[in-house]
Amino acid sequence: MKIVACYSNKGGVGKTATSVNLAYSCAMDGYRVLLCDLDPQGASGFYFRVKPSRKLKKQAFFKDVDCFTGAIRASDFENLDLLPANMSYRDFDIFLSRMKNSRSRLKKALKSVKNDYDVLILDCPPNISLLSENVFRVSDRIVVPVIPTTLSERTLEQLFGFFREKKYQKNKLLPFFSMVQRSKKLHNETMVRLKKKYRKFLQKSIPFSTDIEKMGLHREPVLSYAERSAAAKAYRKLWREIRREMDL
Amino acid sequence: MFSFTGKAVMESSSFVFTFPDDKIIRESKPLKIGKSPFSLEVTAGLFEEGRLLDTFTEEVRKSGKLLFSINDRLLLIDWRSGDIFEQPVDYSWSFLPELKSGPVRDNLKGVSEIRAINPVAGLKIRQDKGLVLDDEVKTRVRLSFFSFRRKNKSLLFGVTRILRGYEKTHGILVSWLLAEGAQENSDPLAVYAQLGIQTRDYSVKPRLDISGTDDIKKSVTTIIRTSLGVAEQNEPGIIADLDTEFLHDYRVSFRKIRSALSLFSGIYESKETARLKKEFGELMKKTNRLRDLDVYLLDRDRYFSLVPESSHEGLEILFTHLRRVRKTEHRAFCRVLKSKEYRKSMDTWKELFSDPSNLSDGRQKRRVSSVFAAKRIVKRYKKVCRIARSIDARTEDAVVHELRIECKKLRYLMEFSTPFFAGKKMKKLIRSLKRLQDNLGRFNDYSVQQRFPSEFFEEKMKRSRKGIKMAEAIGALTAMLYQLQCRERDLVMENFARFDTEKVHAAFQELFEHQVKGLSE
């Protein structure tokens with residue numbers, strides 16, 4: 001099982017849109033995907049019309065295997081499930097260790113209903129916390145949406161700095177440009193500069209698009225309702241690049 | 001949209017149901033599911049002309065599934081699990097091995113590969129999809145429906161798919177469906193009944209209505225009457241040449257009849273028995289060559305794998321030749337089946353065996369079936385043991401053949417007598433004999449197969465290039481078959497030792513010898 005996190009220490013950079021569309025692309029490629037909503041304000045669940053379970057608010061929820069499996073909801077799309085949860089870092093720790101350990105009860109429970117997953121996609125909250133540090137440790141790759149502006153440049157520097165300081169594997173970080181407006185000079189210049197500075201930047205960038213903004217209206221991935229749009233195509237290509245990076 | 005074909009989806013099948021009509025999905029607007037906030041939305045398909053397919057022995061239906069052909073695709077529905085498989089097929093086929101691997105082919109395992117699959121009935125089929133949606137238009141349950149129509153009758157088959165996390169909604173849906181008249185169903189026979197399709201319900205071994213306390217004449221007459229009926233059911237299949245099993249079953253039936261006559265001798269008057277045996281024997285003779293050819297042709301692939309590639313060309317020539325001979329043989333036997341003489345004989349036999357009183361009485365006719373059968377079984381069993389124990393590595397092949405024939409007789413006797421004795425024990429004993437019989441059967445087959453091709457090697461072939469190639473291939477094959485025969489021969493003693501155990505002796509004693517001693521007739 002591979003784990004891909006979608007992370008940024010800055011809000012409003014298109015993280016949830018990325019998680020949702022990457023999860024959808026991954027499922028379309030035939031992988032069984034579980035999209036985990038780790039952001040308390042996360043809208044992943046909203047985009048798939050999944051109502052959060054009332055039970056999820058209980059603190060001790062994730063101590064029990066049945067509650068883990070019980071919290072998972074099927075999306076309307078084949079091969080794609082959701083874990084719409086408010087997870088504390090401790091819950092998340094238990095959850096991940098169980099997901100990764102093939103002999104754990106959670107894995108067995110999922111296997112018994114053919115719901116063993118090939119890929120876990122984590123939609124992370126925009127801060128550096130114990131939860132995100134956990135994410136940094138366990139993920140195979142961390143995709144980081146970056147808007148090509150000066151402010152984003154600073155937060156990306158901070159993230160790399162943090163990785164250096166904590167001795168996390170920096171090559172897990174896969175930044176890519178998000179909400180790109182080619183008409184803006186600043187965007188173009190920043191992109192050139194950053195690509196030079198960070199070799200790991202993914203080739204494909206996601207354009208700023210009203211199609212993506214409309215996700216809130218459609219409550220579906222862009223790839224589902226505007227398959228042919230430039231944004232949808234960009235997400236497909238971005239996913240393929242990530243897949244190659246992970247040898248999937 | 002979603003599909004149920006091929007790949008396992010992240011849902012598990014759940015509620016499988018039928019409605020005696022398809023009214024419930026005829027509505028065009030979403031249906032409210034009881035008092036719940038959920039609704040059922042159906043996306044209707046179009047009716048297509050389809051055909052229900054099965055083998056003559058209805059193996060697909062008996063395995064709990066139904067197979068349909070609709071235009072250029074096959075549809076297989078597992079009536080118990082609700083699993084649905086589809087596979088395109090744009091070529092003609094009759095036998096499973098001719099079908100390309102795919103979801104349908106792969107899920108028909110267990111269905112005979114040498115039985116032809118043919119249309120059973122024509123019908124109209126429509127496939128609809130259903131979604132149970134909540135107030136945010138999120139899908140909570142998926143459904144797949146199939147409407148079947150034939151003449152003025154209809155049936156709706158449905159299967160729900162639970163979506164992870166929405167089990168409760170599924171429960172609400174199931175209660176609602178049941179309240180609306182859905183029937184939980186696990187037998188595809190319901191389709192036959194509802195749509196007025198006749199089941200053939202054919203079996204080469206139909207249940208016999210005989211008991212151990214009946215007099216033996218009544219029992220044997222019933223066995224023969226039933227076997228005649230089975231043979232007759234196979235006649236159209238032989239004539240149409242659908243598959244080779246029709247002739248096989250036909251022969252099995254007549255072999256049973258002949259064995260019954262000789263194994264239970266003394267039931268009818270000896271002259272009449274001899275006359276009947278002769279009549280049935282003559283009919284069988286007319287099928288021998290055709291059956292031998294069928295068996296040989298069915299084994300084609302194995303023969304090719306036995307010989308080196310250099311002999312393949314010759315073998316191909318041999319098989320082409322054999323296929324031609326088979327065609328002639330088949331035509332000849334069809335003429336027999338269609339002849340007035342045959343029809344007359346069949347009618348006479350059927351009339352004769354319709355009532356025991358139509359037949360003459362032999363010395364043994366009043367014997368109690370179970371005692372009579374037990375005596376004969378014990379006698380045969382002792383004979384088998386005597387011959388088998390005399391066999392060692394140097395014994396002549398003729399003795400091994402004799403053992404094979406005696407084993408076969410014992411097996412038939414036991415099979416006939418199954419209704420007279422406690423079912424499970426008898427079946428177990430028959431099974432314990434089977435391994436030895438299979439071994440002896442193969443030993444015999446290899447010896448027949450070595451002689452067989454030369455029978456068709458005609459004088460004039462000797463001079464042609466093809467003839468020489470063929471002779472070479474036959475030589476290579478014969479050498480291989482001889483080796484295989486020797487190997488089987490080596491196994492006979494070992495397999496007999498497995499059969500010749502205290503446990504088997506005890507079982508024979510318990511089942512039959514006590515019967516013979518304990519009961520005075």
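Analyst: A residue is buried when its relative accessible area is under 20%, exposed when over 50%, and partly exposed in between, using a 1.4 Å probe and protein chains only. The model is predicted, so local features need pLDDT of at least 70 and side-chain atom pairs pLDDT 80 or more, while totals for chains, interfaces and linings use all residues; side-chain values use heavy atoms, without hydrogens and water. Residues are numbered from 1 along each chain as its sequence is written, and chains are lettered from A and ligands numbered from 1 in the order in which they are written.

User: Is B:Trp349 buried or exposed?

Analyst: B:Trp349 has a relative accessible area of 5%, so it counts as buried. B:Phe254 is buried too, at 0%. In chain A, by contrast, A:Glu213 has 54% relative accessibility and therefore counts as exposed.

User: How is a pair of aromatic rings described?

Analyst: Rings of Phe, Tyr and Trp (its six-membered ring) pair if their centres lie within 6.5 Å; planes under 30 degrees apart are stacked, over 60 edge-to-face, and the rest tilted. Over all chains, the search finds 43 aromatic pairs. In one of them, the centres of B:Phe254 and B:Trp349 are 6.1 Å apart and the planes stand at 65°, so this pair is edge-to-face. B:Phe254 is in helix α6 (residues 245–263) of chain B and B:Trp349 in helix α10 (residues 340–352) of chain B, so the pair ties together parts 95 residues apart in sequence.

User: Which residues do ring pairs link into a cluster?

Analyst: The cluster consists of B:Tyr381, B:Phe420, B:Phe421, B:Phe496, B:Phe499, B:Phe508 and B:Phe512.

User: What lies over the face of B:Phe246?

Analyst: A charge sits over a ring if NZ of Lys or CZ of Arg is within 6 Å of the ring centre and within 35 degrees of the ring normal. B:Arg115 lies over B:Phe246, 4.6 Å from the ring centre. The charged end of B:Arg300 is over the ring of B:Phe319, 6.0 Å from the centre.

User: At what angle do helices α9 and α14 of chain B pack?

Analyst: Axes are lines fitted to C-alpha atoms, for helices over the stretch in contact, and angles run from 0 to 180 degrees between N-to-C directions. Helix α9 (residues 312–338) and helix α14 (residues 465–499) of chain B pack at about 100°, with axes 7 Å apart. That makes α9(B) roughly perpendicular to α14(B) (65 to 115 degrees; under 35 is roughly parallel, over 145 roughly antiparallel, the rest oblique).

User: Which residues make the contact?

Analyst: Contact means heavy atoms within 4.5 Å. Among the residues involved are B:Leu315 and B:His321 of α9(B) and B:Lys469 and B:Leu477 of α14(B). The contact residues divide into seven nonpolar, two polar and four charged. Ala, Val, Leu, Ile, Met, Phe, Trp, Tyr, Cys and Pro count as nonpolar, Asp, Glu, Lys and Arg as charged, and the others, Gly among them, as polar.

Definitions and conventions: Helices (H or I, at least four residues) and strands (E, at least two) are DSSP runs, numbered from the N terminus.
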